[in-house]
Amino acid sequence: MARHLYKTSTPSTRNGAVDSQVKSNPRNNLIYGQHRCGKGRNARGIITAGHRGGGHKRLYRKIDFRRNEKDIYGRIVTIEYDPNRNAYICLIHYGDGEKRYILHPRGAIIGETIVSGTEVPIKMGNALPLTDMPLGTAIHNIEITLGKGGQLARAAGAVAKLIAKEGKLATLKLPSGEVRLISQNCSATVGQVGERRELNPLGKAGYKRWIGRRPVVRGIVMNPIDHPHGGGEGRSPIGKKKPTTPWGYPALGRKNRKKNKYSDNWIIRRRSK
């Protein structure tokens, strides 16, 4: 994609750039509000993941993972930013008037056509069952359960490979390196998920707050109620021989795993047989 460089007007726009083709104007019938639970707390309100919370409000874009507009050609109209995922999305206008979002295939440009079905060409962005694909095809948005929609290889840059077919099952090599068997009737999309390059430097501390990251505070400057290292007068040392975690456990390599776990007992019983 072509890059557009910012004119530096403030320190936060220095050395910034954007993809000139990418838009951010979602259609009203393809979005809805969502309740974000990204505050780092569990059902009781206890913090279980630190330094989370705040952030800009997001609208969820309905993505067509099923690709069930069969044998109807669609045209890529826009390439848009999606705040809920690390890949771009494409707005597709189908020949019957239907409009849907799909994941942006790497290399796809505005104006190209895509189609899904059983006897469609092996072309980037087309969706078809695994049984109709040749071995070695690079794919993404792969179904696990027939008709449920793609669940595998949906992140930015993700790509899987069809390496074998035997009987009713197909063997795939997933992006993690895992080799998995999936029914040949399940569908997938040809090509790799497009990557979203983060062209802009952070520019200022507020950028992290926009994406929902709160400040990190050292334990030594906390109060005693908040951390074992806290308290004291002025720049006090930690007050202990060895540093500890916020919950009081040793932080220098000592294992905090429970000694009476059921799995340990099972291993001992198995070795004794």
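Buried means under 20% relative accessible area, so aspartate 82, at 0%, counts as buried in this predicted model.

**Close-up 1. Salt bridge between arginine 85 and aspartate 82.** The closest N and O atoms of arginine 85 and aspartate 82 are 2.7 Å apart, and the two residues form a salt bridge. Aspartate 82 has a relative accessible area of 0%. A search of the whole structure finds four salt bridges.

**Close-up 2. Salt bridge between arginine 100 and aspartate 64.** The side chains of arginine 100 and aspartate 64 meet at 3.2 Å, N to O. With a relative accessible area of 18%, arginine 100 is buried. Aspartate 64 is buried as well, at 11%.

**Close-up 3. Salt-bridge network around arginine 100.** Asp64, Glu69, Glu98 and Arg100 are linked in a network of salt bridges. Within this group, arginine 100 forms a salt bridge with glutamate 98, the closest N and O atoms being 3.4 Å apart. Glutamate 98 is partly exposed, since its relative accessible area is 31%.

**Close-up 4. Arginine 66 and isoleucine 142.** Arginine 66 is placed in the loop between β5 and β6 (74-80). Its relative accessibility of 46% makes arginine 66 partly exposed. The C-alpha atoms of arginine 66 and isoleucine 142 are 9.4 Å apart in space, while the residues are 76 positions apart in sequence.

Close-up 5. Lys39, Arg41, Arg209 and Arg214 form a positive surface patch. Arginine 41 sits in the loop between β4 (31-33) and β5 (59-61). This arginine 41 is partly exposed, with a relative accessible area of 39%.

Close-up 6. Val217, Ile220 and Val221 make a nonpolar surface patch of about 220 Å². Isoleucine 220 is located in the loop between α1 (206-210) and α2 (262-272). At a relative accessible area of 31%, isoleucine 220 is partly exposed.

Close-up 7. An unreviewed UniProt entry annotates residues 40-116 as "domain: Large ribosomal subunit protein uL2 RNA-binding". Over residues 40-116 the chain is 30% strand and 0% helix. The end C-alpha atoms of this stretch are 39 Å apart.

Note on methods: Residues are numbered from 1 along each chain as its sequence is written. This is a predicted model: local features need pLDDT of at least 70, side-chain atom pairs count only at pLDDT 80 or more; totals for chains, interfaces and linings use all residues. Side-chain values use heavy atoms; hydrogens and water are left out. UniProt positions are given in the numbering used here, feature names are shortened, and annotations may be inferred rather than shown by experiment. Helices (H or I, at least four residues) and strands (E, at least two) are DSSP runs, numbered from the N terminus. Patches are made of residues with over 30% relative accessible area and no salt bridge: like charges are joined within 9 Å, nonpolar side chains (Val, Leu, Ile, Met, Phe, Trp, Tyr) within 5 Å. Accessible areas come from the Shrake-Rupley method with a 1.4 Å probe; for residues, only the protein chains shown count as cover. Lys and Arg count as positive and Asp and Glu as negative; His and the chain ends are not counted. The place of a charge is taken as NZ of Lys, CZ of Arg, CG of Asp or CD of Glu. Buried means under 20% relative accessible area, exposed over 50%, partly exposed in between (1.4 Å probe, protein chains only).
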